[in-house]
Amino acid sequence: MLFTPGQHEPLLDEAWDERRVRTAVEAIVADTLAAQQPDGFWPVHPDDEDGTSSRTGFYLGAAGLLWALHRLGQDLAETAERLHERYLADPDWPGVVPGFLLGEAGILLAAHELAPDPTRADALERVVRANAGNEANELLLGAPGTMLVARAMLAVTGERRWADAWLESADLVWSRWLPSEEHGCDLWTQRLFGDVVQYVGAAHGFAGNVLALSLDGGLLPRGRRTELERRAVATATALAFREGELANWPPVAGWPLARRGVIRTQWCHGAPGLVTSLAGLAEDDHAFGALLAAGGELTWRAGPLAKGAGLCHGTAGNGCAFLALYRRLGDERWLERARRFAVHALAQVEASRERHGRGRYSLWTGDLGAALYAVQCIEGREGVPSLHGL
């Protein structure tokens, strides 16, 4: 079996109803606004408490919430203006670092989007360039994440400096994508939190890095774009575990699919993240499209994640794979599946709120991530909130 049934739960037998979905999204927004504390931050949810501070950053903290609320029509500009200064004075774990989802770049980006300021933009450029050589080689802390920031700023401003910053990081990231004789494909090596490992998935490894390179906005030369697609297809194919019309991928190259008795099938590790990250590549390659569809089928049959509604390791993040396949293949079945997962994720948000007496206030693990995913399902729009179309 290519997934662990105990990590999932049965899909609710509840039809898609756009009006009810919009009402649920509005309720999440209202609850998040009401939960903001006098100090401008939000309370940490019990399921996000791990002994580290994460109140400011994009992944778990205020920066991600401000960005998401802005996307949902609510601007807390006063909070945004103070956010970077407060991060420097009292940084999240692991201290002041330049990364996107965990670090300074995400905080500056969110603050600048709500309260544009030339000085803040200059600081953001310095942070992006400072992160180019980061050996983490992954999205959360490394240069691939800050490449997404540079691309977002280029799209908004049209300023050449952001293209130059993106290309500087892209060249260094590309130079670390090396052949592995052991695994028969091309991989990055992550130096992260004291470990040296070759991750496969979207959060920390190969798939997320390819996504950052592929969302180039035309900056990659044609030859390099072709090579990117060829190497990405070869690596994803080489590392896949297949069983009939299903496919999944291990967290780390060379590991068995099951680790400590659990097979991960979520955005950060496993088929959903691989599919979502790579679905925009090699669109004329029907064999690769079939492999991605096998990953989507595995995600569907596994069902919603029991861990909760969120993006990183929750039902909404898994559902993003269906939106990616809908755009690639044009089959309405994938949009229908995405919407079924959205209904389930919103029900998980409500059940969690009833269980804990409060919402889960974070972008990547909490309620607003599920809300943004639900809006994408209304629109039939692909992507992972805060990565695609940042």
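Residues are numbered from 1 along each chain as its sequence is written. In this predicted model, local features need pLDDT of at least 70 and side-chain atom pairs count only at pLDDT 80 or more, while totals for chains, interfaces and linings use all residues; side-chain values use heavy atoms, with hydrogens and water left out.

The largest nonpolar core holds 138 residues. Such a core is a set of buried Ala, Val, Leu, Ile, Met, Phe, Trp, Tyr and Cys residues joined through side-chain atoms within 4.5 Å. Buried means under 20% relative accessible area, exposed over 50%, and partly exposed in between, with a 1.4 Å probe and protein chains only. F206, W249, W267 and W364 touch the most other members. Helix α14 (residues 367-379) gives the largest share of this core, 9 residues. Helices (H or I, at least four residues) are DSSP runs, numbered from the N terminus. Nonpolar side chains tend to be buried together in soluble globular proteins.

Helix α6 (residues 143-157) has 15 residues. Its expected span, 1.5 Å times one less than the number of residues, is 21 Å, and the end C-alpha atoms are 21 Å apart, which agrees. The helix is mostly covered, with 12 of 15 residues buried. Among the buried residues are M147, L148, V149, R151 and M153. The cover includes α4 (104-114), α5 (118-130), α7 (160-175) and α8 (206-214). Just after α6, G158 takes a positive phi of about 70°.

The whole structure contains 2 cavities of 30 Å³ or more. A cavity is a set of points where a 1.4 Å probe fits but cannot get out; a pocket is an open set with protein on both sides within 12 Å along at least five of seven lines. Lining residues have an atom within 4 Å of a point. Points are joined across faces, edges and corners, and a volume is the space filled by probe spheres set on them. The largest cavity has about 100 Å³ of space. Of its 13 lining residues, W42, P43, V44, L60 and Y361 lie nearest the centre. The lining has 7 nonpolar, 4 polar and 2 charged residues. Here Ala, Val, Leu, Ile, Met, Phe, Trp, Tyr, Cys and Pro count as nonpolar, Asp, Glu, Lys and Arg as charged, and the others, Gly among them, as polar. The second largest cavity has a volume of about 40 Å³. Its lining includes L311, C312 and W364.

The largest pocket has a volume of about 720 Å³. It is lined by 35 residues, with D50, Y59, L60, L102 and L140 closest to its centre. The lining divides into 14 nonpolar, 13 polar and 8 charged residues. The second largest pocket has a volume of about 290 Å³. Its lining divides into 10 nonpolar, no polar and 5 charged residues. The largest share, 6 residues, comes from α13.

D92 sits in the loop between α3 (77-89) and α4. D92 counts as buried because its relative accessibility is 7%. D92 and L363 are 271 residues apart in sequence and 16 Å apart in space, C-alpha to C-alpha.

Key. Helices (H or I, at least four residues) and strands (E, at least two) are DSSP runs, numbered from the N terminus. Contact means heavy atoms within 4.5 Å. On a 1 Å grid over the protein atoms alone, a cavity is a set of points where a 1.4 Å probe fits but cannot get out, and a pocket is an open set with protein on both sides within 12 Å along at least five of seven lines; lining residues have an atom within 4 Å of a point.
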